[in-house]
Every structure is written in C-alpha cells, then in structure tokens.
Amino acid sequence: MKLTLRVWRQQNPETPGAMATYEVDNISADMSFLEMLDTLNEELTLAGDEPVAFDHDCREGICGACSLVINGDAHGPERTTTCQLHMRSFADGDTIDIEPWRASAFPVIKDLVVDRSSFDRIIQSGGYISAPTGTAPDAHATPVPKPDADFAFEHAECIGCGACVAACPNGSAMLFTSAKVNHLNVLPQGAPERETRSWTWWPRWTRRALAAAP
Ligand code: FES
C-alpha cells in the first residue's frame with residue numbers, strides 16, 4: 001500500500017504546530033497503525049529528520065496510551081484502540097490525517113503526544129487518601145466483599161485512553177469520570193476521604209438494584 005500521511009508536528013507546548021505531509025510505501029495490510037508509524041519514523045531517521053513522537057506502551061489494547069485522532073475519529077475507523085487498528089482498514093492511495101487528542105484538558109507535549117495527567121488527578125480524588133499510610137499492605141490484608149469487587153472490576157474495564165474526551169464536543173471526561181467513581185467508590189482504599197472528595201451514593205444503590213433484579 002502506498003499512503004499519504006498528514007501528521008501533526010509540534011516541537012513543544014509553546015510552539016504552534018502544523019500538519020506535515022509524508023509519503024509511505026510498501027505498507028502491509030497486516031501492519032498495525034503504530035507499525036505503519038514505525039515505518040515512517042525509520043524512513044525519517046534514515047533521512048536525518050526527526051521522527052514523529054507518539055505515545056504507546058502495551059500495543060495490546062490494554063494500557064490506553066496510544067491516543068491518536070485518525071481522519072477526525074478518536075482511534076480511527078474501527079471500534080478499538082489505535083494499536084489494535086490494522087492497515088487493512090485503509091486502501092492503497094489513501095490520504096490519512098493523524099492528529100493528537102484535541103482537548104484543552106490534554107495539552108500537546110510534542111507532535112502526537114499529549115499530557116493526560118488530568119486523569120491521574122481524577123483517580124487520586126477517588127482512590128487515595130492524603131494521610132501517610134506506610135508501605136503498601138499485602139493485597140489480601142484488606143478484604144473486599146465479592147459483590148463490591150465484581151462491581152468495581154466491571155467499571156475498571158475503562159482503560160483511561162481519553163477517547164471519550166477527544167470525541168466529546170465539550171472535551172468532557174464524563175465516561176472516564178463516571179467509570180472511576182463507580183470503580184473506586186466501592187473499594188475501601190479511598191474510603192476515609194471519600195465523602196469530601198468524590199462521594200456518591202448511587203453505586204451502592206445500583207448494586208442493590210442489580211442484586212434484586214430477576
Ligand atoms: S498501546 Fe496500550 S492500548 Fe494501545
């Protein structure tokens with residue numbers, strides 16, 4: 001496959017960015033989108049140019065780091081993460097626009113990498129307390145009732161990729177925040193300060209309603 005890539009390049013948070021155009025050839029339909037970007041970066045490096053900075057970690061659809069807007073859609077044309085998007089979703093000769101998450105809560109650090117530490121602050125509000133608690137206790141030292149653990153686990157399926165923010169016209173993190181509130185509020189770790197920081201009553205109510213459902 002031969003493709004034209006229009007990629008957002010931005011040196012740092014202070015410098016204005018712009019789209020840059022690159023051609024890539026010999027792209028296999030079996031490559032992942034990130035492997036296609038690796039190919040571009042190899043060519044840029046061999047030519048003495050700076051490679052495109054983009055975020056990734058697991059490349060298995062688990063960590064949520066691979067945050068790209070592809071042709072205007074968060075994570076591109078498939079319902080999956082960017083690292084699990086394959087080039088068979090595109091056709092020979094296509095032009096592909098590649099941009100970072102666009103939201104004021106996620107300022108651009110460089111090229112396609114954004115700062116998602118605002119998500120860390122949301123998690124800290126619900127999952128931790130400010131008092132020193134010593135070293136981490138053994139996992140089995142804090143019993144969690146099975147229904148609470150199941151409820152929390154269900155909402156922990158949100159991997160915090162930030163696509164809900166990038167796709168929302170208001171740049172809202174409503175899906176992420178509600179997932180974390182449900183996930184963390186039923187667990188004991190953040191309980192001592194829960195009511196002053198992220199208190200909500202309805203997870204317990206929801207669990208009771210689910211338990212009572214036929
Ligand atoms: S790199 Fe981890 S989900 Fe894509």
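Helices (H or I, at least four residues) and strands (E, at least two) are DSSP runs, numbered from the N terminus. By this count the protein chain has seven helices and seven strands. Starting at the N terminus, their order is β-β-α-β-β-β-β-β-α-α-α-α-α-α. The C-alpha trace of the chain spans about 55 × 45 × 35 Å along its principal axes.

The model is predicted: local features need pLDDT of at least 70, side-chain atom pairs count only at pLDDT 80 or more, and totals for chains, interfaces and linings use all residues. Residues are numbered from 1 along each chain as its sequence is written, and side-chain values use heavy atoms, with hydrogens and water left out.

**Helix packing**

Two helix pairs involve H5 (residues 174-185). Axes are lines fitted to C-alpha atoms, for helices over the stretch in contact, and angles run from 0 to 180 degrees between N-to-C directions. Helix H3 (residues 146-155) packs against H5 at an angle of about 160°, with the axes 8 Å apart. H3 is therefore roughly antiparallel to H5 (over 145 degrees; under 35 degrees would be roughly parallel, 65 to 115 roughly perpendicular and the rest oblique). In this contact (heavy atoms within 4.5 Å), Phe151, Ala152 and His155 of H3 meet Ala179, Asn182 and His183 of H5. The contact has three nonpolar, three polar and no charged residues. Here Ala, Val, Leu, Ile, Met, Phe, Trp, Tyr, Cys and Pro count as nonpolar, Asp, Glu, Lys and Arg as charged, and the others, Gly among them, as polar.

Helix H2 (residues 117-127) and H5 cross at roughly 25°, and their axes come within 9 Å. H2 is therefore roughly parallel to H5. Phe119, Ile122, Ile123, Gly126 and Gly127 in H2 meet Phe176, Thr177, Lys180 and Leu184 in H5. This contact has five nonpolar, three polar and one charged residues.

**Pockets**

On a 1 Å grid over the protein atoms alone, a pocket is an open set of points where a 1.4 Å probe fits, with protein on both sides within 12 Å along at least five of seven lines; lining residues have an atom within 4 Å of a point. Grid points are joined across faces, edges and corners, and a volume is the space filled by probe spheres set on the points.

| Pocket | Volume | Lining by class |
|---|---|---|
| Largest | about 260 Å³ | six nonpolar, six polar, one charged |

The largest pocket is lined by 13 residues, and Thr133, Ala136, Pro137, Thr142 and Gln189 lie nearest its centre. His75, Glu78, Arg79, Thr80, Thr81 and Cys161 line the second largest pocket.
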